[in-house]
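Subject: Structure handover

Hello,

Please find the structure below, with the sequence alongside. My notes on what was found in it follow.

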Amino acid sequence: MIDFKNKIILAPMAGVTDYAFRKIAREYGADFCVSEMISAKAMEFKDKKTGALAEINEDDEPIGIQIFGHEPECMANAAYLLSRGLYEHTKSKLLPATIDINMGCPVKKIVTSGDGSALMQNISLAEKIIKACVDASSVPVTVKFRAGWDKESINCVDFAKMAEGAGASAITIHARTRSQMYEPSANWEYIKNVKESVKIPVVGNGDIYSANDAFRMIEETGVDSVMIGRGALGNPFIFEEIKSKKESKEYTEPTPRERVEAALYHTRLMIFDKGEKIAIPESRKHVSWYLKGLRGNAPVRVAINHATTYDEIEKILKEYINTL
Ligand SMILES: Cc1cc2nc3c(=O)[nH]c(=O)nc-3n(C[C@H](O)[C@H](O)[C@H](O)COP(=O)(O)O)c2cc1C
């Protein structure tokens, strides 16, 4: 069983952390990955596309499958099916290590339905959901939430204690309020307060962009594990950087050429997983992230945005590599 001690974790990011991203993150040293969020309601409607989000390949373990929703019964049903590999539109029968409940998503469409971080304003409903999922799931249940709804209603410590009491095996705190969305910088003091208030493992999340950030978070807050989101976009190398520091090994930054080669590899993995037609449009943002900061990348990104096949992308990037 995953213990969430001393782990480097890839954050769940909808539309981003698919199989390809998770695989490359693991290859660079991520210990644990979480899926994109999955709608429990969509599962109730037996949505086919939702099934693909829960697929677990053999080289994609250990993994947490994240669900969102606000109805205890519906959420429990999703936890029941996903923890046992029983969702009819998910082919793989490999089981997740955890079911993670999303109680932190700030997106308007999500919170107006009462899902994601809206649940931080309704702690008794959140508790019912966690208890129902813990009862229904055959694997440990974890919860991801924020500091609170806004700065007038910071309640992460009470929320963490509630989650622990409701049976969560570990919690992740993203040290921002819902109102802050993703800016300005996270306040790690909230992580420290949460860590001091519960006995279950606490994963700290928010603004880790380097190994130094990760170690500073651990030092300042005492968290058991760290989770990286945006710092890994186009930069799976961050996992190697953190791991190297953890193991006191020397770390060398990837060269521009290595970054571009990783972009191509990432694109190939996406094609392997989803086929070229779906993967190419989705891969464009990843390629842009890999190229960020590299000399003369602007026209290359424009060209990539018009490319419709892997061969075209490869040609553009190989020509670019020769200029680096
Ligand atoms: C594009 C994007 C998609 C996200 N999708 C999810 C999601 O599906 N579930 C979730 O719990 N958090 C989601 N998040 C939040 C991240 O998991 C993380 O909590 C947040 O980005 C803060 O960490 P960071 O500062 O390391 O990026 C998303 C963030 C981004 C940028």
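The domain bounds used here come from an automatic or database domain assignment. On that basis the protein chain falls into domain 1, residues 8-246, and domain 2, residues 256-321. Please keep in mind that this is a predicted model.

Domains

The C-alpha centres of domain 1 and domain 2 are 28 Å apart. Where the two domains touch, domain 1 contributes eight residues and domain 2 contributes 10 residues. On the domain 1 side of this contact there are five nonpolar, one polar and two charged residues.

Ligand

How many residues surround the ligand, and which are the closest? There are 22 residues around the ligand, and the closest are Ala11, Met13, Met37, Gly229 and Arg230. Sorted by class, the shell around the ligand has 10 nonpolar, eight polar and four charged residues.

Helix packing

Two packed helices are described by the angle between their axes and the distance between the axes.

Helix H7 covers residues 156-165 and helix H8 covers residues 189-197. The two pack at an angle of about 35 degrees, and their axes are 9 Å apart. The crossing of H7 and H8 is right-handed. From H7, the contact takes Cys156, Val157, Ala160 and Lys161, and from H8 it takes Tyr190, Asn193, Val194 and Ser197. By class, this contact of H7 with H8 has five nonpolar, two polar and one charged residues.

Helix H11, residues 256-274, is paired with helix H14, residues 310-321. Their axes come within 10 Å and cross at roughly 175 degrees. Angles over 145 degrees count as roughly antiparallel, and H11 and H14 are therefore roughly antiparallel to each other. On the H11 side the contact is made by Arg257, Val260, Ala263, Leu264, Thr267, Arg268 and Ile271. On the H14 side, these meet Tyr310, Ile313, Glu314, Leu317, Tyr320 and Ile321. The contact of H11 with H14 has nine nonpolar, one polar and three charged residues.

Helix H12, residues 276-291, packs with helix H13, residues 298-306, at an angle of about 165 degrees. The axes of H12 and H13 are 10 Å apart. H12 and H13 are therefore roughly antiparallel to each other, and their crossing is right-handed. In this pair, Arg284, Val287, Ser288 and Leu291 of H12 meet Val300, Arg301, Ile304 and Asn305 of H13. By class, the contact of H12 with H13 has four nonpolar, two polar and two charged residues.

Backbone details

Where are the cis peptide bonds? A cis peptide bond joins glutamate 61 to proline 62, with omega about -5 degrees. Proline 62 sits in the loop between helix H3 (48-53) and strand E4 (63-68). A cis peptide bond also joins glutamate 183 to proline 184, and there omega is about -15 degrees. Proline 184 is in the loop between strand E7 (170-177) and H8, the helix that packs with H7.

Regards

Terms used
Residues numbered from 1 in each chain as written. Predicted model: local features only at pLDDT ≥ 70, side-chain atom pairs only at ≥ 80, totals over all residues. Contact = placed C-beta atoms within 7 Å. Nonpolar A, V, L, I, M, F, W, Y, C, P; charged D, E, K, R; others polar. Axes fitted to C-alpha atoms, helices over the stretch in contact; angles between N-to-C directions. Helix = DSSP H or I, 4+ residues; strand = E, 2+ residues; numbered from the N terminus. Parallel < 35°, antiparallel > 145°, perpendicular 65-115°, else oblique. Left-handed = near helix turned anticlockwise from the far one by under 90°. Near = placed C-beta within 6 Å.
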